[in-house]
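Keep the sequence and the coordinates side by side as you read.

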Number of protein chains: 2
Amino acid sequence: MSADKAGTARAAVEIYDTTLRDGSQSEGLSLTVDDKLRVAALLDELGVHFVEGGWPGASGKETEFFRRAAAGDLVLEQATLVAFGSTRRAGARAAGDGVLADLLAAGTPAVCLVAKSSPSHVRGALRTTLDEALAMVAESVALLVGEGKRVLVDAEHFFDGWREDAGFSRQFVVAAAEAGAETVVLCDTNGGTLPADVERIFADVAGWAPVPLGGHFHNDSGCAVANSLAAVRSGARQIQGCVNGYGERTGNADLCSVIPNLQLKMGVPTIGPERLARLAPIAHHVAEVVNVAPDPHQPYVGVSAFAHKAGIHTSAIARLRSSYEHVDPGAVGNGTRFVVSEMGGRSTVALKAQQLGLHLDDPTVADVAGRLKDLEHRGYHFEVADGSLELVMRRATGWKQPFFRLESQRVITETRDDGSFLTEATIRVHVGDQRVLAVAEGNGPVNALDAALRQAIGPTYPHLSGVHLTDFKVRVLDTSRGTGAVTRVLIDSTDGTRTWTTIGVSENVIEASWAALEDSIVLGLLYSGAERQDPPR
Amino acid sequence: MSADKAGTARAAVEIYDTTLRDGSQSEGLSLTVDDKLRVAALLDELGVHFVEGGWPGASGKETEFFRRAAAGDLVLEQATLVAFGSTRRAGARAAGDGVLADLLAAGTPAVCLVAKSSPSHVRGALRTTLDEALAMVAESVALLVGEGKRVLVDAEHFFDGWREDAGFSRQFVVAAAEAGAETVVLCDTNGGTLPADVERIFADVAGWAPVPLGGHFHNDSGCAVANSLAAVRSGARQIQGCVNGYGERTGNADLCSVIPNLQLKMGVPTIGPERLARLAPIAHHVAEVVNVAPDPHQPYVGVSAFAHKAGIHTSAIARLRSSYEHVDPGAVGNGTRFVVSEMGGRSTVALKAQQLGLHLDDPTVADVAGRLKDLEHRGYHFEVADGSLELVMRRATGWKQPFFRLESQRVITETRDDGSFLTEATIRVHVGDQRVLAVAEGNGPVNALDAALRQAIGPTYPHLSGVHLTDFKVRVLDTSRGTGAVTRVLIDSTDGTRTWTTIGVSENVIEASWAALEDSIVLGLLYSGAERQDPPR
């Protein structure tokens with residue numbers, strides 16, 4: 001147990017999500033208004049206290065988001081929607097400032113104002129005086145508070161500024177607080193500050209700040225999560241970050257790590273245990289909406305976060321769960337998973353068989369373990385090919401696929417007169433008592449073979465029309481040697497509800513492709529229940 | 001500047017890479033012996049002090065790695081190769097223990113022994129007494145030291161153990177040290193410890209440990225990098241981790257963040273500034289060898305780590321660099337990047353052309369930039385295909401490859417009577433005034449086409465015999481859509497001194513393969529000087 005947790009009850013910390021603003025600056029991320037509305041609803045469901053929706057007026061899309069949110073397209077049950085923007089311009093007046101007007105027009109209960117809090121940035125980027133910078137903050141906050149808004153202030157480049165001139169840092173925080181800001185958020189804008197410095201600087205500021213402080217960290221040093229925890233240790237009452245750690249450059253602090261660390265390890269209340277148990281599914285759902293492949297190795301919520309591969313571990317897990325799981329995976333909506341690989345021994349095979357609902361006796365488990373080791377030595381890689389693994393296990397029990405038997409096949413690719421390429425596959429296959437000959441064209445050998453096989457056996461197995469290949473990957477192994485190179489083919493398939501991956505390895509890429517394809521189709525038939533329609537042997 | 005850096009010179013910290021052992025437990029990672037040898041050589045080039053090669057005897061592959069390393073297939077210039085394994089079994093003798101014998105047989109200068117240092121794990125997993133656990137460590141270390149090995153001890157579950165019974169932790173460290181271990185490494189095996197606890201526990205142990213301490217952290221709490229820094233702050237003299245943060249579950253501490261944080265921010269010497277400047281290219285090279293897509297958002301070395309959105313001017317960056325970049329990207333072998341399109345900017349094209357010795361006038365640069373943008377939209381990815389990029393630029397000047405012209409080709413793959421697969425390619429090609437028809441067999445379509453083309457044009461271009469394909473990768477793009485999916489083929493080639501990558505994109509995988517193959521051969525001929533032998537037009 002953490003020493004922190006052993007202490008007395010800690011003050012609660014607010015969670016402020018900026019996925020829709022700072023997070024959407026992540027390279028490769030582009031959100032529609034609908035996407036943003038969906039993500040906001042998911043964040044509310046997760047239980048974060050603030051959802052920053054964007055910068056109204058920055059683009060038509062941003063303005064549209066707030067318009068639709070206000071029109072009732074977004075109903076937040078507990079989160080507070082925040083509009084983000086800058087203070088009034090240097091040398092201008094707050095009243096009539098365009099950005100502040102857009103912030104008011106957004107119609108949110110709360111506004112977050114960003115302002116430069118480092119003297120060198122005030123002078124170098126804003127090109128104004130420190131006094132004017134303080135006036136810009138104070139007057140902008142006062143105007144918004146006067147209009148009934150809750151106001152937070154993001155103090156940009158705060159840590160760099162504190163190192164330059166801690167006196168100005170103090171003036172900045174005090175000016176924002178006295179003008180009515182409810183929270184001043186210390187931002188490590190370029191992400192360069194390390195946890196020890198965050199803890200020290202936060203402790204200093206918390207000692208004299210008249211209002212609660214927040215922390216906002218970027219991951220440029222790989223320490224955004226640790227920096228958030230350090231800030232809380234030194235008194236921060238709010239942490240800003242993004243679900244899944246999205247954000248410009250290396251991303252913002254990943255709330256999927258910050259929240260469970262605070263709640264489960266430091267005893268700091270955030271979103272409560274019931275909502276925490278929704279973390280992993282919501283994180284994956286958000287990833288789906290924003291169309292970014294989730295990182296399997298992401299702490300707490302990644303599909304590999306509680307996956308066990310080494311044989312040494314899987315046997316120990318059964319005995320002493322805490323050996324290799326730092327928290328109960330269920331507390332964050334995740335689960336334990338066992339991965340079969342060359343590292344795994346018999347215990348992993350037995351566990352995996354159990355998960356698949358196969359009952360293997362001890363000698364069969366030993367056989368399978370030996371066979372997997374041999375196949376992996378030849379280039380197979382079963383931890384990513386759960387489908388083919390299942391078939392290896394089934395075959396070890398004496399099972400044979402009862403659906404079809406290949407007699408021969410031929411694939412021809414040739415250039416047409418116009419220089420384009422045409423691929424055609426011919427297949428001879430036995431289905432039950434029938435011998436079927438079929439031919440089909442495709443975008444390449446695998447595609448053509450797939451089409452020909454479906455033509456040959458499709459009439460017997462109509463379920464097959466719901467099964468599709470979704471990805472196809474090829475790798476040449478041991479490429480440094482002139483001879484002995486083999487090709488590994490991986491095929492991902494789906495029937496709409498479940499997905500599976502199959503593998504083929506051979507010196508001949510077409511042979512490897514065929515093996516993976518055959519496994520894919522066999523599993524598609526197996527999962528569709530075709531087995532019962534046309535029983536084995 | 002960090003407060004740490006402002007202090008006096010810090011003691012150096014050893015970097016211990018365990019990518020080939022702990023890192024290879026990462027789900028989705030499966031290394032051949034050749035892969036392991038290549039990664040070890042890259043780590044040596046990076047300048048890490050220790051390269052852990054694996055667990056000899058754990059599988060045939062592991063044993064083979066050490067055999068080939070000892071046989072001269074791995075020459076480390078400065079790193080020390082380490083074999084990893086467990087202590088003698090409980091209740092047995094060290095002399096004659098199988099694991100220890102395998103460790104000695106591996107023939108490495110150093111050995112790392114892992115041993116449980118938490119009482120509950122000793123009792124629950126090892127099922128033995130604490131005294132026996134200490135004897136297992138002491139006797140195993142003594143045996144290896146007696147045989148002339150440098151010995152390190154990985155104290156498994158150390159932090160959990162210290163919280164349970166700090167007295168046993170002390171006995172453990174002292175026993176290992178007195179038996180001759182040069183370093184005792186405190187391991188956070190389940191990755192659950194937070195930085196503040198690491199700093200506190202390390203400080204305690206460093207106060208009485210008779211030998212230097214190391215730290216080994218997993219990223220389950222998202223704090224592995226920060227934990228490594230906290231350990232160093234409290235006296236650790238060695239950090240174990242993995243390049244790119246590979247490892248089981250959520251990964252090990254990412255050395256690509258640990259090293260620059262220590263060196264650039266905390267003033268702790270590790271691999272030196274010259275080698276640090278190789279960090280990003282070596283991290284990417286390792287990712288390529290282990291065939292894991294690099295994380296663009298990875299701190300320091302990711303392609304997005306110093307990427308700035310369009311609209312920010314170079315002049316703005318120059319004026320106030322620290323606004324956007326926490327360190328000089330060049331210090332870690334990375335660079336500032338402006339996100340518009342990968343190669344779309346004219347200045348990038350002009351720079352690249354200059355590097356290739358091509359003189360493009362302004363309209364041609366604009367043409368190429370437009371063409372690259374169009375091709376990248378269609379699935380090309382020139383950042384990794386320097387060879388094809390060069391040909392696009394050459395063609396923009398009106399250049400045509402003068403070596404051969406394809407009339408047509410055909411590839412047939414069919415099953416033989418014994419069920420094995422045979423691939424044959426026929427090619428019709430014009431070489432100078434000759435029309436040549438050639439046929440060849442291969443391990444697949446690309447291999448057969450390559451062989452047929454070489455047969456057709458080889459007599460005219462004998463230089464071609466020195467050019468080889470070294471890798472071949474296929475990816476399907478836009479797989480989520482039912483239609484419009486294209487295949488991207490990448491081919492790596494070498495003539496023994498230089499290497500180049502070419503790309504082909506098409507709906508038909510054979511057509512994409514042919515495009516990449518043709519570019520590869522053309523470049524091989526170009527680089528060999530064949531151009532001058534048979535001048536254009």
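How many salt bridges does the rule find across the interface of chain B and chain A? It finds zero. Bear in mind that this is a predicted model. With that said, turn to what the interface does contain.

Start with its extent. The size of an interface is often given as the accessible area lost when the parts come together. Here chain B and chain A bury about 8,200 Å² between them. Carbon and sulfur atoms give 50% of that area. Three residues lead on one side: Glu27(B), Arg249(B) and Phe421(B) supply 10% of the area that chain B buries against chain A, more than any other three residues. In residue terms, the contact takes 105 residues from chain B and 100 residues from chain A.

Next, the make-up of the contact. Strand E11 of chain B, residues 405-415, gives the most to the side of chain B that touches chain A, with eight residues. By class, that side of chain B has 32 nonpolar, 45 polar and 28 charged residues.

Now look beyond the interface. Side chains of opposite charge can pair when their charged atoms come close. Over all chains, the rule counts 42 salt bridges. One of them joins the side chains of Glu52(A) and Arg21(A), at 2.8 Å from N to O. Glu52(A) sits in strand E2 (residues 50-54) of chain A, while Arg21(A) sits in the loop between strand E1 (14-17) and helix H2 (33-46), so the pair ties together parts 31 residues apart in sequence.

Finally, consider confidence. The model scores ipTM 0.74 and pTM 0.74. Chain A has a mean pLDDT of 88, and 91% of its residues reach 70 or more. Over residues 1-7 the pLDDT stays under 50, and the model has 14 contacts beyond four places in sequence for them. Residues 479-483 of chain A also have pLDDT below 50, with seven contacts beyond near neighbours in sequence.

Notes. Residues are numbered from 1 along each chain as its sequence is written. Chains are lettered from A and ligands numbered from 1 in the order in which they are written. This is a predicted model: local features need pLDDT of at least 70, side-chain atom pairs count only at pLDDT 80 or more; totals for chains, interfaces and linings use all residues. Side-chain values use heavy atoms; hydrogens and water are left out. Contact means heavy atoms within 4.5 Å. Buried area is the accessible area (1.4 Å probe) that two parts lose on being put together, summed over both. A salt bridge is a side-chain nitrogen of Lys or Arg within 4 Å of a carboxyl oxygen of Asp or Glu. Helices (H or I, at least four residues) and strands (E, at least two) are DSSP runs, numbered from the N terminus. Ala, Val, Leu, Ile, Met, Phe, Trp, Tyr, Cys and Pro count as nonpolar, Asp, Glu, Lys and Arg as charged, and the others, Gly among them, as polar. pLDDT is the predictor's confidence in each residue, from 0 to 100.
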